Amino acid sequence: MPRVKTNGIEIEVESFGQARDPAILLIMGLGGQMVLWPDDFCERLAGAGYRVVRFDNRDIGLSTKLDGLGRPPLLRNGIAHTLRLPVRAPYRLDDMALDSVGVLDALDIERAHVVGVSMGGMIAQLLAARHGGRVASLTSIMSSSGHRALPGPRFDVQLRLMKRPARLDREGLIAHGMQTWRMIGSPGYPEAEADLRDKVARQIDRNVHPQGFVRQISAIMASGSRAPLLSRVRAPTLIIHGKADPLVPVAAAYDLKKRLPHARLEVIEGMGHDMPRALLPRIEQMILEHVGISAGESQSRRCA
C-alpha cells in the first residue's frame with residue numbers, strides 16, 4: 001500500500017484491479033478507515049473491470065495525524081452548530097476534497113467514478129461541484145447536502161457520538177464500537193456478532209486515533225451546507241440511502257434528489273447507517289449499473 005503526498009500530508013492508499021481500467025474512488029465516512037470498505041467488495045468491483053482505489057482520510061488510519069492543530073472543543077462546537085453560530089475547525093471538508101484530488105493526481109487518474117459514504121458522500125459532493133472535470137460519476141451513500149432545515153441525528157445517537165468508551169483497552173474499545181454500530185446499523189439486516197466484532201477489531205488493531213475523529217466532525221460542522229453548490233454538479237449521480245437511518249435521516253436523500261433532479265434515488269427498506277454484508281451485493285450491483293450507464297452516457301456525448 002503506497003503513501004501518497006498531497007496538501008503537505010501523506011495519505012495511505014490501496015488499489016485493486018488493473019491501472020489501465022476505469023477508476024472507482026471510494027471515500028469513507030467520519031472516523032472510518034479505508035478497511036471499512038470490505039476487501040471482497042473492492043475485489044468484486046475490480047473483477048467487473050475497474051481500478052478500485054480506497055484510502056484513509058487525513059487524521060484517520062495510517063494517514064497523517066494533525067495533532068499539531070489541536071483538539072477542537074467538541075461540545076462547544078456542537079452547541080455553536082445547533083445555534084447556527086460559526087464553528088472553528090483546524091480544517092474543512094474542502095481540504096479533504098483536495099486530499100482526494102491529490103490521491104487521483106498521485107495515481108495518474110484523470111477522472112474517476114467517485115463513491116462516498118456519509119462524510120465521504122459530503123466530500124464526494126464537493127469534488128463533483130468544485131472539481132467536476134475529475135468526476136466521471138457520483139454515488140452518494142447515506143449522506144446529506146448539510147442544509148440546515150434537514151432533521152438531525154436521533155437524540156440518543158447524538159449522545160452516543162459524544163460518549164467516551166468506559167474502558168480504553170482493546171476489549172473496551174471493541175465493546176464500545178460494537179454498541180455504536182448496533183445503535184446506528186440496519187434493523188432489517190443485523191450483522192452477525194462475529195462479523196461485527198471482526199469489523200470493529202480490524203479498525204482498532206490497525207489504528208486508534210480519537211483526536212482525528214474530533215477534528216473530522218468539527219470539519220463537518222464548520223463546513224456548513226453544500227446545498228448552494230449542488231447546482232454545479234454535472235456528473236451522473238446515484239443516491240443510496242437507508243430508510244431506517246438514525247444518524248442521517250432519509251429526508252436527506254429526498255433533499256439531495258430535489259437538488260440534483262437528474263439523479264437516481266434508491267431508498268432501501270430496513271437499512272440504517274451502515275452497509276451490512278447482506279446488502280453488499282445489492283449495493284455493488286447498483287454502483288456497477290450506475291458507472292456503466294455513466295460511461296455509456298459519456299461515450300455518447302463524445303460521439304455526438
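Trainee: Which residues in H3 are buried?

Mentor: This is a predicted model, in which local features need pLDDT of at least 70, side-chain atom pairs count only at pLDDT 80 or more, and totals for chains, interfaces and linings use all residues. Residues are numbered from 1 along each chain as its sequence is written, and side-chain values use heavy atoms, with hydrogens and water left out. Helices (H or I, at least four residues) are DSSP runs numbered from the N terminus, and buried means under 20% relative accessible area, with exposed over 50% and partly exposed in between (1.4 Å probe, protein chains only). The buried residues in H3 are Leu93, Met96, Ala97, Asp99, Ser100, Val101, Gly102, Val103 and Leu104.

Trainee: How far apart are the end C-alpha atoms of helix H3?

Mentor: The expected span of a helix is 1.5 Å times one less than its number of residues. For the 14 residues of H3 (residues 93–106) this should give 20 Å, and the model agrees, since the end C-alpha atoms are 20 Å apart.

Trainee: At what angle do H3 and helix H4 pack?

Mentor: Axes are lines fitted to C-alpha atoms, for helices over the stretch in contact, and angles run from 0 to 180 degrees between N-to-C directions. The axes of H3 and H4 (residues 119–130) are 9 Å apart, and the packing angle is about 75°. H3 is therefore roughly perpendicular to H4, a term that covers 65 to 115 degrees, whereas under 35 is roughly parallel, over 145 roughly antiparallel and the rest oblique. The angle asked for is about 75°.

Trainee: What separates Asp40 and Arg44 in helix H1?

Mentor: Asp40 forms a salt bridge with Arg44, with the closest N and O atoms 3.7 Å apart; such a bridge is a side-chain nitrogen of Lys or Arg within 4 Å of a carboxyl oxygen of Asp or Glu. An α-helix has 3.6 residues a turn, so residues three or four places apart point the same way. Asp40 and Arg44 lie 4 residues apart in H1 (residues 39–47), and the separation is therefore about one helical turn.

Trainee: Is Glu12 buried or exposed?

Mentor: The side chain of Glu12 meets that of Arg3 in a salt bridge (3.4 Å, N to O). Arg3 counts as partly exposed, at 38% relative accessibility. With a relative accessible area of 6%, Glu12 is buried.

Trainee: How many salt bridges does the structure hold?

Mentor: One of them joins the side chains of Arg167 and Asp169 (2.7 Å, N to O). Glu14, Asp39, Arg54 and Arg202 are linked in a network of salt bridges. The number held by the structure is 25.

Technical notes:
Helix = DSSP H or I, 4+ residues; strand = E, 2+ residues; numbered from the N terminus.
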